[in-house]
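These are my notebook entries on a structure that I looked up. I record in order what I searched for and what I found.

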Amino acid sequence: MPKISNKGLQMPESPIRKLVPFAEAAVKKGKKIYQLNIGQPDIKTPEKALDAIRNHSIEVLSYSHSAGFESYRNKLAGYYKNTGLPVEPKDIIITTGGSEALLFAMGSITDPGDEVIIPEPFYANYNGFATASGVSIKPIQASIDTNFALPPIEEFEKLITDKTRAILICNPGNPTGYLYTKEEVKKLADLALKHDLFIVSDEVYREFAYEGAEHHSIMSLPELAENAIMVDSVSKRYSMCGARIGCLVSKNEEVMKTAMKFAQARLSPPTFAQIASEAALDTPQSYFDEVIEEYTLRRNILVEGLEKIEGVKVATPRGAFYCIAELPVEDADDFAQWLLEDFDDQGETVMVAPAAGFYSTPDTGKNQVRIAYVLKKEDLSRSIEILEKALQKYNN
């Protein structure tokens, strides 16, 4: 039999999705599952986006420009300028989700054997993107005791070698919900300039900042114009995960020229999804105000509920819609599978994402889970109740 590539064998499974077969089996047995494992918002997609699809009369579903519709890029640049970011249409390439933007970034700035420094825990697919690009991740651990704040900048500097090409951050963070302060972003910028590195900032949760906190984009620093690469997406902002539309943004002309070759190789982003995404930019601020209010309520219900469970430690997120919880178990993978296979409370159980897959350092985060608070408050309250009963039974 022909051999599978080493790269393919090394591709990690998704900690978010690998338990799906067990969940499917549980549903077939009649169990109801509260899905806390995946960041699929239940917030309704803006009507303007849906109407743009419903009311569009296309006779030929054609390619778009490889960089995406010019009209969309113009409008998107306007959105960024309204948030204080000096982004021009030429600084934007529309991609098939934020995932493709990250792959374009990796492909444009790294060669096989190069290194990228990433604070961990981090979005699990960064492991996969690095493997696909032949890049080594150099992790630097953030701590649950500080809500996963940026580790000391001196620790970053210790990891820099002649193979280091970039620092990659997610702001606000998936899976931690941590929102970097202006001072933290500036420290990273100063380090990047000192060592001539890129900073790739995944900002797909930029709209989700709580308690009046402000999001500070890497693109807001003019001195970092040649070093900054931003990844963005409509998935979470407009509850349009299925649209698969994101973008790569940089003022660095060489980066954009190189990324454009990757964009041309995959031809173009999807047409209908761009139509919906362009229309979504007309969504009024009131939509986001309501969403932030709802997620703040959900976050408070979840964090306060988890803190009442004996042996559970939880980091309080200030952005995105995830938190990391440390459970009184040795192996969260085993516990998560047990929840689906062997446990229910009145025919109901919960599904969580084991956090070990959000780390690059082996045997780290084994007693942690990521929880997405994307369910309505009644379901979150019920999920906490189920989780508490499950932990009691599992440990006895």
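**Entry 1: Salt bridges**

I searched the whole structure for salt bridges and found 28. I counted a salt bridge where a side-chain nitrogen of Lys or Arg lies within 4 Å of a carboxyl oxygen of Asp or Glu. The model is a predicted one, in which local features need pLDDT of at least 70 and side-chain atom pairs count only at pLDDT 80 or more, while totals for chains, interfaces and linings use all residues. Residues are numbered from 1 along each chain as its sequence is written, and side-chain values use heavy atoms, with hydrogens and water left out.

I then looked up single pairs. Lys44 and Glu47 join their side chains in a salt bridge of 2.8 Å, N to O. Lys44 is exposed because its relative accessibility is 57%; Glu47, at 34%, is partly exposed.

The side chains of Asp190 and Lys186 also form a salt bridge (2.8 Å, N to O). Helices (H or I, at least four residues) and strands (E, at least two) are DSSP runs, numbered from the N terminus. Asp190 and Lys186 are four residues apart in helix H8 (residues 182-195), so about one helical turn separates them. Asp190 is partly exposed at 37%, and Lys186 is partly exposed at 33%.

In helix H13 (residues 377-395), Lys389 and Glu385 are four residues apart, so about one helical turn lies between them. Their salt bridge has an N to O distance of 3.5 Å. Lys389 has a relative accessible area of 32% and is partly exposed; Glu385 is partly exposed at 35%.

Which residues are linked in a network of salt bridges? I noted Glu203, Arg206, Glu207, Asp232 and Arg237.

**Entry 2: Helix H5**

I checked the length of helix H5 (residues 97-109). Its 13 residues should span 18 Å at 1.5 Å a residue, and its end C-alpha atoms are 19 Å apart, which agrees. The expected span is 1.5 Å times one less than the number of residues. H5 is mostly covered, with 10 of its 13 residues buried. Among them are Gly97, Leu102, Phe104 and Ile109.

Is strand E3 (residues 115-120) enclosed or open? Six of its six residues are buried, so E3 is largely enclosed by the rest of the structure. Glu115, Ile117 and Pro119 point one way from E3, whereas Val116, Ile118 and Glu120 point the other way. In a regular strand, side chains alternate between the two faces of the sheet.

I took two strands as paired if DSSP finds at least two bridges between them. E3 runs parallel to strand E4 (residues 136-141), and six bridges join them. Pro119 has Ile140 in E4 as its bridge partner. E3 also runs parallel to strand E5 (residues 164-170), with three bridges. In E5, Ala166 stands opposite Val116.

**Entry 3: A four-stranded sheet**

I found an open sheet of four strands in the order E9-E10-E13-E12, with antiparallel pairing. Strands E9 (313-314) and E12 (353-354) stand at the edges with a single partner strand each, so one side of each has no neighbour in the sheet. Two bridges join E9 to strand E10 (residues 322-326). Val314 stands opposite Ala325 in E10.

Terms used:
Buried means under 20% relative accessible area, exposed over 50%, partly exposed in between (1.4 Å probe, protein chains only).
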